[in-house]
Every structure is written in structure tokens, then in C-alpha cells.
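Good morning, and thank you for making time for this presentation. I ask that you keep the sequence and the model in view while I speak.

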Amino acid sequence: MMFKFKNLISILITIILTISFSILSFAADGEEEPDVPAGTPVINIVNGTVFDIEAGRTNKIELRLRNTSGSAASSVVVMPSVAEVEGNPLSLSIEGSSNNIGKISANGERTITLIVEADRSAATKTYGVNIKFTYFNADNVNFDSSSTIYLRLKNTSSKPVFKFDNFKLEPSSLSAGDTANISFELINQGPLNMYDTVVSLENLDPAAVGVKGTNQKNFSKIFAGTREKLSFGLTTNSSMEDGNYPITIKATYKDENGTEYTYEEKYFIAVGNGVGESADLRIENLTEPTGVYGVNENFDVSFTLKNYGDGTAENVKITAAEYGEGGNVVPKSNSTYSIKEMAPGQEEKLNFTFAATGNAISRNYTVEFKVEYKMGGKDYTFSQYAGANVSNPEKDNEGEEKKESKPKIIVSEYQSDPVIVMAGQNFDLTMKFLNTHYEKAVKNVKMFLTMVEETSSENDKSGNVFTPVDSSNTFYYDSIPAKGSVEKTMTLYTVPSAQPKTYTLTVNFEYEDESGNEYTSTELLGINVQQVSEIETSEIFIPETSEVGMPISVYFDIYNTGKVDVSNLKVALEGDVDTQNKSVYIGNCSPGDSNYYEGSFSVMNVGTNNVKLKISYDDPSGKTIEDVREYTIEGTEPVPIDDTMYDENGMPMDPNAGVETGMSVKTKAIIGVCIALVILILIAIKVIKAKRAARLIKEDLEAADSIDEMEGKDNNEQL
């Protein structure tokens, strides 16, 4: 029995050892790469964030992916998508038969190719693309991460390119009451077809130039590189004056994607002596004198005269003189400038010097700048005004002694809050009115504001720039004592379309003296208006974490969405960063224009890094405007890269190859199986021992019963 038990134990041990060695041999043969410890893989794109693509072609972009962690990522799936889904002109895919690119080992790299198909009509802009990664670690735990790249598309043919050309007016010269025919061609110069095109004549006035018959032509399709001829009948009113009358030629059309566009162009119809073009002279950047000036004390007024029209102004004459009675303020420099011609866009900077004479009294005097010019045989004129405060106590006293003087009200002080008034906003105008008479009071004082500026521009009509807010334009005072003053503050609204320049407001006075004599007078105020400057950017992507020393690319578009030019546009990086170009100067940017910033930096500290992105520019008033955006980046220790991790072909190797990394998962499983088998053997031994003990006890009991029976027989026989 003992021999059988020992044989059983030997057989079990032999089986365990055989199974263990077999499993170990199988594991050694089946493992191509050693297992890596479980962890959290992190995948990033490390070869930049901005890539250029072209419309109408297949673009291939190489993306370098890096696993910046110490844990391998397996079954890596790459899923690209455009951030702006609506109206997306891009189609994205990963080169190859599958988006699953396999395994990226710890600290390893892989290169993939992103295929970008861009429509021929895709708009010129920068498109954000999200690259999402999903993968598993060594314990089969699923993770995902994402990176953002930007595709910068420049498409000179993003919409049909065309022009109106070969205009012909028959007859070429018109008089009031004549009819004519205007013909021209629409030439599609671009590579794209135009669809559902409608060409029409707009802004026609039957009292001047009207249309005879239909005012629009329709085309279902205009092929690229072709042209269409158009003609319209025109009529002129018999009572109209000679001159140049604009008509608007408007085209609406669609591109291949159904996106609709509108284009307008003006054409001038010359009636009588018209020449078909129009000059538009304007005074801007007017600089008025400040302070108070005595007799023979010089003060300067300067401004710029510019031709904003499309025609040439001839025989331009600029005259400067005191507005009103004269003889109190006189020019000390040349008071008249003559310019033979001013072409479209031409500008002239002018400066005038004045001084008060002994005839001047203490008051604010107004200087008028009158501009006269000819265009197409017709005379044009407009004026601009500036004011200067004059002090002459001697003349004031002289006038009081010689004759009975009249009471006079002047605007002794005025100010606007803010000083530079922004179009489309309210401002407070505070005026101080002084009764200059030394002994006479005035009563029944009525005051109201008007616009006195005259202009030949169709865009700058007088009287439509400033509007009182929650008040009347007229205000009243019972009386103002001699040498007394009153103050008035009113809120005015500036229309959003106001051109940036100095506007002139007239303060009109109507009042009586103590005897009931009525008087009227006026004072002029200059209000400097500027348009609001506005700079916007596209989305700016700054990561929340980064390795110290790892370059971070930054790219974004910059748009001037305001109505005025801005200058000295700059982008600067500040904070805990290391970069070669901390400040990038872009320069000037006109309304509607766009530019871009592209740079890179790296964080300097492990832990929190504070980064500031500062966009600054100067508005037309010279004020510097700053847009500061702050970011926090968590810096991490850089992961060391061992050259031995790459083979002779430059391909990444498994960093754990040839290195004992500890007990693998399969080894742990084998040991567990062995331990379980040993436990089962121990349990079997205990069971066998228990059965053997029970059997011995039973045999002893049976032997004892046999002895008892034999002893009973012996006793019976003796009896």
C-alpha cells in the first residue's frame, strides 16, 4: 500500500513538471517581443501644426506620431475630422487600407500620410482638423487622445473670376432728353463656371437716367474662359442738368457648390459736359490750435486734402480767411494754395499760420478753409472750419469807453467726453456760454445746434452725423448776467457710418438785451470723429501640457473687421517661454484685410508655466490697443531618447528588447497554475491519509471482534 502511494505522488510531480516546462517552452517560442509594463500611452503629432494645401487636387501630408510615454500603445486607430463641419470643402482619409496603424512602442514614432481632397471652389482660409487616436495599453485598457492641426488653403480661384469690359455708349455724347444704348461684355476669366447669373442695372432714377425695357439679363451657365455680350436701353430726363450720373451694374451668381455671390460696379453716364468720372475732395486730419492767443501771437492750423474720387479735380484752390466780419484774425503765411490737378488718391498736406490783430476782442474766432475746384467743366466748392481763442483786454476796454457796446454770448469752453468720438457711440458735449459784456445782462436766451459743413461727397450729407439722446436740440435760459456764464451738457449719438474726420457743429444764439433789442450770433465747435478699430483672430490652439524644451507651434489668422486702417500691428510672446522671435512685426492692416501669425516656443519649467500672447496695434488716433491672452501650460520632464532604440535603417526598436523587465504576465500565470496543482496534490495526500487511517481502524475493530468471538467459544466449551 505504501508503495502504491509513493508511486502516485511521483506520477503527479512528473505530470506537473512536464506541463510547466511545456508551457514555458511554448511561451518562449510564441513571444516575438517582450511584454511592457502596463501604463497610460500618450500619442502626439510632433512635426508641426500648420500645413499648406491646394484646392482642386489631392494633397498628401506626412504626420509624425510619437508615443511620449513609457508604455506601448497597440491597435492604434487614427480618425481625422474637420472642426467646421458645415460647408466643409475638405475630404480626409489615412493612406492605406485601414485607419488601424498597429502598435507604437514606448517612446517610439510612426509616420502616417493624411490624404486631403480639397474642392476647386474651396474658400481661401485656414481649416482646423482634429486628429483623434484610440488605442490599448498592455492590460487591454482602452485610451484615446487627440491633436489639432491646421490646413492653410490659398485658392486664387475659390470663386469665379470675371470682369465687365468693353463698355460702349451709343451715342457717345448725350443731352437731356436723349435715349441711348449701353453695351458691355461679362468675361469669365477664371477656371470655374458661373451658374444662375443675373446681370442688372440698379439705382436708376426716372427723373435723371432711367432704363428702357428690361433692366436685367439672365444666364443659366457661363463657362470658364468665355464671355457674354449684354446691352440695355437708357433714357434721360429732358429737364435734368448736365453732369455725371452713376448707374450700378450688379451681378449675382453661384459657384459649383451653389454658394451665391454678389458683385457691383459703377458706371457714369455723362450728360452734356459730363466726363463719366467724379472727383471727391475731402479735408481730414484737421489739427486746431489749443490755448488762448494774444495780439500778434501766431497759431497754426494744418490738415490733409485728399481726392477720394475716381476722377481728376482741376484748378484746385484752397483759401484760408476769418469767417464772418474779418479783420480780427489774419494769415501770417500764404493764405491761398493752388493745385493744377489732383488725381484719384492724391493727397496734399497743408499748413496755415494766423495771428490776431489789434482789432480783435477777447473771444473765439473761426477760420474758414474754402476748397474750390473744377471737374468736367463744372465748379465745386466746400468749406471746413477751425477755431482759436483770442484775448485782447485793451480792445475790450476801448470798446466800452467809446460807444455803447452790444452784449455778446460766446462759447468760452467746450469739451467732448471722450475727446475722440467713436462712430456709432454716444458722447457727452459740455459747453460753457459766457456773456462777455461787462455790465449788460441778456435774457430770453435760445440756443440750438446745427451742422454747417458743406461737402460735395454723396456719402457725407450734412446734418446726419450727430443726434441728441433723450433731449431736444434746442435749450433755453431766462437770463445770463454780465460777465456771467452758464454750462450745458448734452448727450449726442454719432451715426455708425460717419467718416473719420473733424466735423463742425454750429451753436446758434438768439437773445435780447435789457432794453428788448434782439440779437443773433453763432459759434463753431469742432468734433473729432473716428471709426472703431477691431482686430479679430481665428481659433488659437495652445496645449495644456508639454515637455520642457519640446517645440509648440502656434498659428492663427488675423482679421481687420473694423472700418479703419490700423498700424504697427505686432504679435508678442511673453512669460515662461523660450523662443527665437518673442515679437513679430506685421505692420499695417486695412479694413477687410487679413494676415497671419506663425511661430513656435517651448516651455522652460517643470510644473506651471504662464504664457502671454499679446496682439497690439495703433488706431488712427495714435492710441495703442492691446489684446492680451493668457495661458497656463503644465511642463513635464523631457523623455530621454536613446540612440540605441533605432536600428541601422533608422526605424524605432522596442526599447525593452534584450533587457530583463521583470516577471511577465504569462510567467505569473504559469506559476499560479503550478501553485494550484501543488495545492491539489496536498489535498489529495490528506484525503488518502485519512482514508488509510479509517481503513486501519476498521481492520483493528474487526480483529478485536474476532478475538472476542473465539474467547466466547472457549468458555462455552468449558461449561
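Predicted model: local features only at pLDDT ≥ 70, side-chain atom pairs only at ≥ 80, totals over all residues.

Which residue in β35 does Tyr503 stand opposite? Tyr503 faces Ile527. Strands here are DSSP runs of E with at least two residues, helices are runs of H or I with at least four residues, and both are numbered from the N terminus.

Residues are numbered from 1 along each chain as its sequence is written, and side-chain values use heavy atoms, with hydrogens and water left out.

Let me begin with the chain as a whole. The protein chain contains three helices and 44 strands. It has 719 residues, and 38% of them count as buried; buried means under 20% relative accessible area, exposed means over 50%, and partly exposed lies in between, with a 1.4 Å probe and protein chains only. The accessible surface of the chain is about 38700 Å², with 48% belonging to carbon and sulfur atoms. These areas come from the Shrake-Rupley method with a 1.4 Å probe, and for residues only the protein chains shown count as cover. Among contacts with a separation of 6 or more, 72% are between residues 24 or more positions apart, a contact being heavy atoms within 4.5 Å.

I return now to the sheet. β28-β35-β34-β30-β32 is the order of five strands in an open sheet with mixed pairing, and two strands pair if DSSP finds at least two bridges between them. β28 and β32 are the edge strands, each pairing on one side only. Between β34 and β35 the pairing is antiparallel, over twelve bridges. In general, strands of a sheet pair through backbone hydrogen bonds, either parallel or antiparallel.

Next, the nonpolar cores. A nonpolar core is a set of buried Ala, Val, Leu, Ile, Met, Phe, Trp, Tyr and Cys residues joined through side-chain atoms within 4.5 Å. The largest one has 32 residues, and those touching the most other members are Leu429, Met431, Phe433 and Phe466. At least two residues of this core come from each of several strands, including β29 (426-435), β30 (442-451) and β34 (501-512). Another core, of 31 residues, lies apart from it and includes Tyr293, Met342, Phe352 and Ala356. Phe433, of the largest core, has contacts beyond its neighbours within four places in sequence, among them Ile409, Met447, Phe475 and Phe509.

Aromatic rings are my next topic. The whole structure holds 22 aromatic pairs; rings of Phe, Tyr and Trp (its six-membered ring) pair if their centres lie within 6.5 Å, and planes under 30 degrees apart count as stacked, over 60 as edge-to-face and the rest as tilted. One of these pairs, Tyr337 with Phe352, is edge-to-face, at 5.2 Å centre to centre and 85 degrees between the planes. Tyr337 belongs to strand β23 (residues 336-342) and Phe352 to strand β24 (residues 347-356), so this pair ties together parts 15 residues apart in sequence. Tyr337 is partly exposed at 26% relative accessibility, while Phe352 is buried at 1%.

A tilted pair is formed by Tyr555 and Tyr596, with 5.6 Å centre to centre and 35 degrees between the planes. Tyr555 is in strand β38 (residues 552-560) and Tyr596 in strand β42 (residues 594-603), so the parts tied together are 41 residues apart in sequence. Tyr555 is buried at 3% relative accessibility, and Tyr596 is partly exposed at 35%. Over the face of Tyr596 lies Arg152, 4.9 Å from the ring centre; a charge sits over a ring if NZ of Lys or CZ of Arg is within 6 Å of the ring centre and within 35 degrees of the ring normal.

Finally, the backbone. Glu170 and Pro171 are joined by a cis peptide bond, with omega about -5 degrees, and Pro171 lies in the loop between β10 (162-170) and β11 (179-188). Asn285, in strand β18 (residues 281-287), has a positive phi near 55 degrees although it is a residue other than glycine. Asn285 is exposed, at 53% relative accessible area.
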